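Reader: I would like to learn to read helix packing from a model. Please take me through it one feature at a time.

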Amino acid sequence: MSASPEVAVDARTRILDAAAEAFTRNGFAGTTIDDIAHDVGATKGLIYYHFRSKFDILLAVYGEAMRRVRERVEPHSTGPGTGRERLTAMSMAHELNLMDGLAYHNVVHQTVRGEASTALKAHQRDTLRDLNGLRSDYEAMFRRVVVEGIDDGSLRGVDAALATRTLLSNLNAVDMWYRRIDGQGPDEINDLARQIVDLLIGGLAA
C-alpha cells in the first residue's frame, strides 16, 4: 500500500529539515544521502523515494525557503500604512523568518553563491532558473514598496534599487552571527529583530 498524502508530506518535510541542517553543518559537498537519512531516522530508500539526487534535495530546500519567507512577508507589502511602515513590517517578517529557519536561509546562500556546484541535468537547470526568478521577484516586491515610500514622502529620495539591495543584504547578513540561545523566548527574538530593522530602516527614513 502507498503512504497517505499526509504521511508523504510529513516525510518530505522531515527530509528537507534534516537536509537543511546537514548542508549548513557540513556544506553541500560534505553532506551525503546517508547523512540525511541518518538525521531523518530512515533508510536511503525513503530519501530516494522522494528525491532523485542530493542536488534535487538542495533545490527543494531552496524552494521551501522561498515559499516560507514569501508567505510571511508578502501580506505586509500590500497592507495599510506608508511605504516606510510597510517596508518595516516586511523587514521584520523577513528577519523573524531568517531567525526561525537559519538552516534554510543558509542553503539559499550556498546555492546563490555557487557553493553547491555540480554538473546539472536539464530539469535541475530549469528548476534553479525558476527559483532564482522567485528570488528576483521577491527583491522586486521590496523595491516596489521602497519606491512607494519615496513617492509618499516617508522615505528619502534615494536610488530605490540600491536601497533595496543594501537593505536585503544587511538583513540577510544576520545569519553570519545570529545563533539562537537556549532559553531565548519569542519576545527576545522579536525585540532583537526590531532593533536590527530600526537601524536599517532608520537610514532610509525621510
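This is a predicted model: local features need pLDDT of at least 70, side-chain atom pairs count only at pLDDT 80 or more; totals for chains, interfaces and linings use all residues.

Reader: Is Asn-97 buried or exposed?

Author: Look at the relative accessible area; under 20% means buried. Asn-97 has 14% relative accessibility, so Asn-97 counts as buried.

Reader: Which residues is Asn-97 in contact with, leaving aside neighbours within four places in sequence?

Author: Arg-68, Val-69 and Arg-72 are in contact with Asn-97, once those neighbours are set aside.

Reader: Now the helix itself. At what angle do the axes of α5 and α7 cross?

Author: Read the angle between N-to-C directions. Helix α5 covers residues 83–100 and helix α7 covers residues 122–152. Their axes cross at roughly 150° and come within 8 Å. An angle over 145 degrees counts as roughly antiparallel, so α5 is roughly antiparallel to α7. The crossing of α5 and α7 is left-handed.

Reader: Which residues in α5 meet which in α7?

Author: On the α5 side they are Gly-83, Arg-84, Arg-86, Leu-87, Met-90, Ser-91 and His-94. On the α7 side they are Tyr-138, Met-141, Phe-142, Val-145, Val-146, Glu-148, Gly-149 and Asp-152. By class, this contact of α5 with α7 has 7 nonpolar, 4 polar and 4 charged residues.

Reader: What follows α7?

Author: Gly-153 does, and its phi is positive, near 85°.

Reader: Which residues of α7 are buried?

Author: The buried residues of α7 are Gln-124, Leu-128, Leu-131, Tyr-138, Glu-139, Met-141, Phe-142, Val-145, Val-146 and Gly-149.

Reader: And what covers the buried residues of α7?

Author: The cover includes α4 (54–77), α5, α6 (102–112) and α8 (160–172).

Reader: Take α4, then. How do the axes of α4 and α7 cross?

Author: They cross at roughly 20° and come within 10 Å. Angles under 35 degrees count as roughly parallel, so α4 is roughly parallel to α7. The crossing of α4 and α7 is left-handed. The contact of α4 with α7 has 13 nonpolar, 6 polar and 6 charged residues by class.

Reader: What is Leu-58 in contact with, beyond its neighbours within four places in sequence?

Author: Leaving those neighbours aside, Leu-58 is in contact with Phe-23, Phe-28, Val-107, Thr-111 and Ala-116. Take the pair Leu-58 and Thr-111: 53 residues apart in sequence, 8.1 Å apart in space, C-alpha to C-alpha.

Reader: Step back to the protein. How many helices and strands does it have?

Author: The protein has 9 helices and 0 strands. Its C-alpha atoms fill a box of roughly 60 × 45 × 35 Å along the principal axes.

Reader: What percentage of the 206 residues in the protein do buried residues make up?

Author: Buried residues make up 43% of the 206 residues.

Reader: And which share of the contacts with a separation of 6 or more comes from residues 24 or more positions apart?

Author: Residues 24 or more positions apart account for 73% of those contacts in the protein.

Definitions and conventions: Residues are numbered from 1 along each chain as its sequence is written. Side-chain values use heavy atoms; hydrogens and water are left out. Axes are lines fitted to C-alpha atoms, for helices over the stretch in contact, and angles run from 0 to 180 degrees between N-to-C directions. Helices (H or I, at least four residues) and strands (E, at least two) are DSSP runs, numbered from the N terminus. Angles under 35 degrees count as roughly parallel, over 145 as roughly antiparallel, 65 to 115 as roughly perpendicular and the rest as oblique. A crossing is left-handed if the near helix is turned anticlockwise from the far one by less than a right angle, and right-handed if clockwise. Contact means heavy atoms within 4.5 Å. Ala, Val, Leu, Ile, Met, Phe, Trp, Tyr, Cys and Pro count as nonpolar, Asp, Glu, Lys and Arg as charged, and the others, Gly among them, as polar. Buried means under 20% relative accessible area, exposed over 50%, partly exposed in between (1.4 Å probe, protein chains only).
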